Amino acid sequence: IPEWFYYTIRFQNMGTDSAVNVYITDTLDQDLNPQSFEMVEASHPYTVRMWGNAVLFWEFANVFLPQESVNEPASKGHVTFRIRSRSNIA
């Protein structure tokens, strides 16, 4: 069985007002096995879905991230997931 690869996607509100809803899309590399996708953690409540076999979509509804200039630590978030390759690759 191929080893797990762990990915973290970080985001931050660098705008001029609170971010009410945050959306992330990520296209998986063709060498990754989309059926092995597993969420590890996220900074805020979310929903995640996969479009086709390659595009992950996260929705953070009503998170109200403050802008960086008002509260820098609270303006950040992240998702971490793990996934296996289609075969053993370096």
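Guide: Strands are runs of at least two residues assigned E by DSSP, numbered from the N terminus, and two strands pair if DSSP finds at least two bridges between them. Please note that this is a predicted model. In this model, Arg 49 has Phe 57 in S5 as its bridge partner. S4 and S5 run antiparallel and are joined by five bridges.

Visitor: To which sheet do S4 and S5 belong, and what is its strand order?

Guide: In general, the strands of a sheet pair through backbone hydrogen bonds, in either a parallel or an antiparallel manner. Here, the order is S2-S5-S4 in an open sheet of three strands with antiparallel pairing. S2 (22–27) and S4 (47–51) are the edge strands, each pairing on one side only. On average, neighbouring strands of this sheet are turned by 15° against each other, direction ignored.

Visitor: What is the order of the sheet that contains S1?

Guide: That open sheet of three strands has the order S1-S6-S3, and the pairing is antiparallel. S1 (4–12) and S3 (32–42) each have a single partner strand, so one side of each lacks a neighbour in the sheet. Nine bridges pair S1 with S6 (residues 76–85) in the antiparallel sense; Phe 5 stands opposite Ile 83 in S6.

Visitor: Is Ser 75 buried or exposed?

Guide: A residue counts as buried when its relative accessible area is under 20%. Ser 75 has a value of 0%, so Ser 75 is buried. Ser 75 lies in the loop between S5 (55–60) and S6. Beyond neighbours within four places in sequence, the contacts of Ser 75 include Phe 11, Gln 12, Leu 65 and Pro 66.

Notes:
Residues are numbered from 1 along each chain as its sequence is written. This is a predicted model: local features need pLDDT of at least 70, side-chain atom pairs count only at pLDDT 80 or more; totals for chains, interfaces and linings use all residues. Side-chain values use heavy atoms; hydrogens and water are left out. Helices (H or I, at least four residues) and strands (E, at least two) are DSSP runs, numbered from the N terminus. Buried means under 20% relative accessible area, exposed over 50%, partly exposed in between (1.4 Å probe, protein chains only). Contact means heavy atoms within 4.5 Å. Axes are lines fitted to C-alpha atoms, for helices over the stretch in contact, and angles run from 0 to 180 degrees between N-to-C directions.
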